[in-house]
Amino acid sequence: MTELEETLRRAAGQGIISDGQVAGLATYLQMHGSYVAVMPANDAEGFAAPPRDIEDTEAPRFVRGFHDVLITIGVVVALVGLSGLASVLALIPAVLVLSEVLVRRQRLALPAFALTIAFVQGAGYLIALALGPFGEGWNAVTYACAFLASYPVLLGLYYWRYRVPLALALTLISAFALAVLLVLVLLGKLAGTDQFVVDHSLVAALVFLIAALGLFAVAMRYDLADPQRQTRRSDIAFWLHLGAAPFLRYAMLAFVFINRFSGDWWGGETTYLQAGIVIAIVCVFMLVGLVIDRRAFVTSGLLSLGLSIWTLLRENTFEASSYVYVTILTVGIVVLGVGIFWPALRRFVMGFMPAEISSRLHAVH
């Protein structure tokens with residue numbers, strides 16, 4: 001099979017053209033000279049080109065060249081210097097001015113990411129200053145609700161103006177966090193307690209789980225809207241998954257450690273059964289990540305995996321110096337194995353998925 005035919009068959013696999021068009025289109029392009037096979041630049045220096053099935057289709061579009069990196073370095077240094085000389089509150093107008101030039105006009109991805117983070121930080125200081133005169137007599141929960149309520153508004157306006165995917169993702173994540181807090185406060189009022197999470201751990205865990213599943217559903221909606229991952233929707237889904245994965249993991253672990261919901265989960269009382277359940281949860285997360293082709297669900301469970309292995313080794317009277325390094329080595333092997341064999345593992349998993357589902361997800365490479 002020629003390189004042209006291989007390329008066209010991959011396009012057919014992604015639904016860009018039909019299988020029946022591959023042969024005819026290949027012949028037409030070869031006859032009319034419309035296709036030129038270009039040798040990768042790496043081959044000229046004796047380096048093998050990376051395998052085609054390891055191409056990263058998940059990462060958001062960050063950098064288009066070193067120009068983006070240079071501009072981002074300048075943005076970070078200038079904003080740090082400005083906040084030191086003037087005030088942290090000067091970040092907001094500076095970020096807006098730079099966003100007009102670098103994001104709205106020039107559409108630079110990496111500076112947009114840095115400016116969004118700077119806007120979040122500046123907005124936090126601005127909100128804290130605005131709440132200062134009013135929040136002196138408030139308790140911690142009331143203050144947290146008022147503080148979180150401002151973020152969806154400010155970040156939503158920033159996204160409306162500059163269309164940065166991270167800004168919309170943070171808007172939705174902060175809105176979900178605010179909703180969870182408000183529901184817990186309301187339930188605490190109804191139950192007549194200020195320690196609702198401690199007194200009603202099971203209900204609190206259910207609230208966390210429902211919110212986490214809701215955030216995951218929103219992320220999947222953006223994912224399913226762009227299965228080829230060629231538009232801004234894919235970038236929004238990336239950031240939403242990055243937030244939803246640890247949120248969902250925390251919600252599920254809350255049921256495992258329901259007897260000490262607000263305490264030390266990984267203390268000396270952790271049992272074999274709890275450690276085993278956590279490992280099973282991490283495996284499920286890896287399976288979900290493979291199905292939807294999102295590595296965030298793998299990385300979010302690594303800490304829990306390490307702590308579970310550490311607990312199992314500790315309970316088997318391993319020496320401290322031994323089980324620490326065994327845990328690190330095991331997690332490292334898992335990360336390398338999943339990372340290296342990700343395309344093959346995904347092809348294997350997707351082979352068991354119904355066609356109605358797999359056709360709506362990101363194509364298997």
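Is Glu100 buried, exposed or partly exposed? Select Glu100: this residue is partly exposed, with a relative accessible area of 22%. Buried means under 20% relative accessible area, exposed over 50%, and partly exposed in between, using a 1.4 Å probe and protein chains only.

Before moving on, note that this is a predicted model, where local features need pLDDT of at least 70, side-chain atom pairs count only at pLDDT 80 or more, and totals for chains, interfaces and linings use all residues. Residues are numbered from 1 along each chain as its sequence is written, and side-chain values use heavy atoms, with hydrogens and water left out.

**Stop 1: Glu100 and Arg161**

Glu100 and Arg161 form a salt bridge, with the closest N and O atoms 2.8 Å apart. The term covers a side-chain nitrogen of Lys or Arg within 4 Å of a carboxyl oxygen of Asp or Glu. Glu100 lies in helix 4 (residues 91–105) and Arg161 in helix 6 (residues 140–162), so to speak distant parts of the chain, 61 residues apart. Helices here are DSSP runs (H or I, at least four residues), numbered from the N terminus. Arg161 is partly exposed, at 32% relative accessibility.

**Stop 2: Arg229**

Now select Arg229, which is buried at 8% relative accessibility. The side chain of Arg229 meets Asp293 in a salt bridge (3.6 Å, N to O). Arg229 sits in the loop between helix 9 (201–225) and helix 10, while Asp293 sits in the loop between helix 11 (272–292) and helix 12 (296–299). Asp293 is buried too, at 5%. Show Arg294 and Arg295 as well: salt bridges that share partners join Asp223, Arg229, Asp293, Arg294 and Arg295 into one network. Within it, Arg229 also bridges to Asp223 at 3.9 Å, N to O. The whole structure has five salt bridges.

**Stop 3: the core**

Go to Leu79, Leu115, Tyr158 and Val164. They have the most contacts inside the largest nonpolar core, a set of 69 residues. Such a core joins buried Ala, Val, Leu, Ile, Met, Phe, Trp, Tyr and Cys residues through side-chain atoms within 4.5 Å. Helix 10 (residues 232–256) gives the most to this core, with eleven residues.

**Stop 4: helices 5 and 7**

Finish with helix 5 (residues 109–131) and helix 7 (residues 165–191), whose axes come within 9 Å and cross at roughly 35°. Axes are lines fitted to C-alpha atoms over the stretch in contact, with angles from 0 to 180 degrees between N-to-C directions. Phe113, Thr116, Ile117 and Val120 in helix 5 meet Leu166, Ala167 and Leu170 in helix 7, contact meaning heavy atoms within 4.5 Å.

Conventions:
Helix = DSSP H or I, 4+ residues; strand = E, 2+ residues; numbered from the N terminus.
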